[in-house]
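Good morning, everyone, and thank you for making the time. I would like to walk you through one structure, beginning with the whole chain and then turning to a few places along it.

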Amino acid sequence: MESSYSGIYTDMERFYLKNDLKPREPDLDEMVIKVISCPINPADKSFLKETLPAFSVPKAFGSIGVGCEGAGEVVDVGSNVDDSFIGKKVAFCQLPCHKNYEGSWRQHINVNKKFVIEYPDEAEYDDICTSFINPLTAMYILNLAEKSKSRAVIQNAACSSIGKMVLRLLNSKGIKVINIVRRDEQVEILEDLGANYILNSNSDTFEDELDQLIHSLEPKCFFDCVGGDCLETFSKMPKQSSLYIYGNMDTGSIFSFSNKELLSSRKTIAGISLSDFFENMGDELQHYYDIVSHDITEGEYIFKTEVVCTYPLEEFDKAIEESHKISSTGKVVLKPWEQS
Ligand SMILES: NC(=O)c1ccc[n+]([C@@H]2O[C@H](COP(=O)([O-])OP(=O)(O)OC[C@H]3O[C@@H](n4cnc5c(N)ncnc54)[C@H](OP(=O)(O)O)[C@@H]3O)[C@@H](O)[C@H]2O)c1
């Protein structure tokens, strides 16, 4: 195996590059993957700002790797993994709560075989490196919407990569989506995607339009990844509605809700995370992997993520800066083997 390995680390105050890493020998169930593409996701940026829930971060760390997903080529496998995987093109996921978390922003990573999707040789690494975090969370959101028998749902930050997936996925199942964004450009982007219900929270008519849509569509689920004013919206929703919190992009947000209202309306508020989906789905995960990989390779585009630009891993600081600017258009992808 090659012998120079680098990865991006954070000590929660800064990101920095380490050049002196050697890949571990794979554990029994692990594959060693040469990482070709890895996206920058909001959770990676939150890592630095210490806004991730405490349970996600291992208790004792000096510094810790960064990144939760990517794509690359399998270069070695543990003894419980079929060695025909060597040389295959794969997408992978590794969450901070997973055993042996290393972070995907590196040249080589050891990943448990449970969190790997195999792709055909023709697939493009940049297209498949976002196969896990948003597509599977969108599936989780669909499951929750279907369980509630809701004909309509509300989502905020709807012009995010996952927001676009949720829109396409739920619409394909006949569930209407009320999309909340914060800028007019985002309204236009979602109109082009065929969204029927789009509200700009900064518009003067927002509250009235929201009241009307809630009255006519009776959404039972609100998927929130922002925080902030989401409770005002939730309080307008029908009895027995649920607020599912899956992100906190408005990082200072702390809210309170009347327990009397919760009691009388039988409403629920819950936090959801992809790690729960992994745990709950067990052997069914492969079914979801097949749906995502088929969609991405066959160009059905429910789970397509636009890659706006790429940066060599060494230029991760510029890449992070850029990712703040273009997040309504798509993702910035890091390339660990490209030179500056
Ligand atoms: N819990 C889980 O397991 C899980 C899994 C997947 C995703 N997520 C969460 O889902 C969210 C979206 O992820 P993504 O990868 O789709 O993001 P993304 O593609 O980077 O898009 C971010 C979007 O959020 C908007 N935004 C940022 N801050 C905002 C704020 N304070 N108020 C309103 N809108 C804001 C941005 O709009 P501007 O252009 O206006 O800034 C942009 O449209 C993140 O919070 C992420 O952590 C959670």
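How many helices and strands does the secondary structure of the protein chain come to? Keeping in mind throughout that what you see is a predicted model, the count for the protein chain is 11 helices and 16 strands. The radius of gyration of the chain is 20 Å, which is close to the 20 Å that the globule rule gives for 340 residues, and so the chain is as compact as a globular protein of that length. If you turn the model along its principal axes, the C-alpha atoms fill a box of roughly 60 × 40 × 35 Å.

Staying with the chain as a whole, buried residues make up 41% of its 340 residues. As for how the chain meets itself, if we take the contacts between residues at least 6 apart in sequence, 67% of these join residues at least 24 apart.

Let me now move to one pair of helices. Helix 3, which covers residues 133–147, packs with helix 4, residues 161–172, at an angle of about 45°, and the axes of these two helices are 9 Å apart.

Finally, I would like to point out two places in the backbone. Most residues other than glycine have a negative phi, and against that background Gln240 has a positive value, near 65°. Gln240 lies in the loop that runs between helix 7 (230–236) and strand 13 (242–245). Is Gln240 buried or exposed? There are 11 C-beta neighbours inside 10 Å, and because a residue with 12 or fewer is called exposed, Gln240 counts as exposed.

The other place is Arg266, where phi is near 55°, again a positive value in a residue other than glycine. Arg266 is found in the loop between helix 8 (259–265) and strand 14 (268–271), and with 10 other C-beta atoms within 10 Å, Arg266 is exposed.

Definitions and conventions:
Residues numbered from 1 in each chain as written. Predicted model: local features only at pLDDT ≥ 70, side-chain atom pairs only at ≥ 80, totals over all residues. Helix = DSSP H or I, 4+ residues; strand = E, 2+ residues; numbered from the N terminus. Rg over C-alpha atoms; globule rule 2.2 N^0.38 Å. Buried ≥ 20, exposed ≤ 12 C-beta atoms within 10 Å, placed from the backbone. Contact = placed C-beta atoms within 7 Å. Axes fitted to C-alpha atoms, helices over the stretch in contact; angles between N-to-C directions.
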